[in-house]
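Visitor: Could you walk me through this model? I'd like to start with the sheet and then look at some rings.

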Amino acid sequence: MAASPPFSVVAPVGPETPLVVEVPHAGLELPPHCLPPVVAPARALGRDADLFVDALYAGAPAAGATLLVAHVSRYVIDLNRAEGDVDAETVQGARSGTRLAHGLIWRLTTEGERALARPLSPGELAHRLETIYRPYHTALEGLLEAKRARFGFAVLLAAHSMPSVARAGHVDTGAVRADVVPGSRGRTSAHASVIDLVESQARAEGLSVAHDEPYKGGFSTMFYGRPHEGLHAIQVELARRLYMDESRLEPLRGGFGRTQSFCEGLVRRLGALTAADLR
């Protein structure tokens with residue numbers, strides 16, 4: 001039986017726009033060769049995934065955007081981390097000045113339970129990098145470069161979700177998060193027009209907004225967000241209370257449709273930006 005692809009790319013339908021939507025954390029798949037060291041509880045796989053975010057943005061191609069969706073669990077490899085984000089407790093022989101429980105390879109769940117039975121061998125890490133991580137980022141970089149070549153610029157929407165109330169293990173444990181958190185690493189990863197558009201779309205629908213709090217944007221936002229080169233990246237975190245029952249891990253009737261409509265509107269507005277808007 002052929003292995004399932006670790007990610008998929010859905011091309012635009014109709015007139016193409018400069019927007020790429022990436023969803024790196026919605027996946028739940030654990031390839032067989034990655035199973036032996038994983039001891040994370042099944043509930044953690046769901047609670048630490050951005051469940052249903054791929055479905056929230058499923059309409060992006062119909063609005064002219066390109067959609068990139070990862071299918072593997074972040075407990076296999078975290079696609080929103082740098083390759084060097086490992087320590088000796090997660091990968092044998094790795095050198096890091098800090099301990100990284102939630103780096104490229106998660107050693108602990110968000111709530112501090114063991115996710116790994118043992119450190120990965122260098123060979124195990126290399127296999128995950130070669131078969132999942134690098135192909136994913138090669139695809140993402142290629143999509144952005146193609147957009148920039150065609151339109152003169154590209155916009156990356158890194159689509160995520162977050163627990164509505166920070167759980168044990170989060171830096172803001174117990175805090176009630178805003179509905180929408182645009183992450184732009186201190187407004188440096190995208191032109192102000194991109195950042196302000198996300199806020200205006202949210203506020204127009206009665207949603208609360210907190211920039212960079214508690215998430216400033218991860219690896220994709222930092223690495224691909226180079227506005228001076230015509231590459232604009234913004235991470236958008238949605239509080240899960242908007243669209244799902246966080247205890248049952250099920251979509252909310254009504255709330256899911258409203259949030260999906262918000263996401264579709266955001267995709268259309270970001271895709272309608274022009275080079276003149278970003279000068």
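Guide: What follows is a short talk about the sheet and a group of aromatic rings. This is a predicted model, in which local features need pLDDT of at least 70 and side-chain atom pairs count only at pLDDT 80 or more, while totals for chains, interfaces and linings use all residues. Residues are numbered from 1 along each chain as its sequence is written, and side-chain values use heavy atoms, with hydrogens and water left out.

Visitor: OK, in what order do the 6 strands sit in the sheet?

Guide: The open sheet runs β1-β3-β2-β4-β6-β5 with mixed pairing, where strands are DSSP runs of E of at least two residues and helices are runs of H or I of at least four, numbered from the N terminus, and two strands pair if DSSP finds at least two bridges between them. β1 (7–10) and β5 (180–183) stand at the edges with a single partner strand each, so one side of each has no neighbour in the sheet.

Visitor: And how many bridges join β1 to β3?

Guide: There are 4, and the two strands run antiparallel; Val 9 stands opposite Leu 68 in β3.

Visitor: Switching to rings, how many aromatic pairs are there?

Guide: A search of the whole structure finds 5, counting rings of Phe, Tyr and Trp (its six-membered ring) with centres within 6.5 Å, and calling planes under 30 degrees apart stacked, over 60 edge-to-face and the rest tilted. One of them is Phe 219 with Phe 223, whose centres are 5.2 Å apart and whose planes lie at 15 degrees, so this pair is stacked.

Visitor: Where do those two lie?

Guide: Both are in helix α5 (residues 219–224), 4 residues apart, about one turn of the helix.
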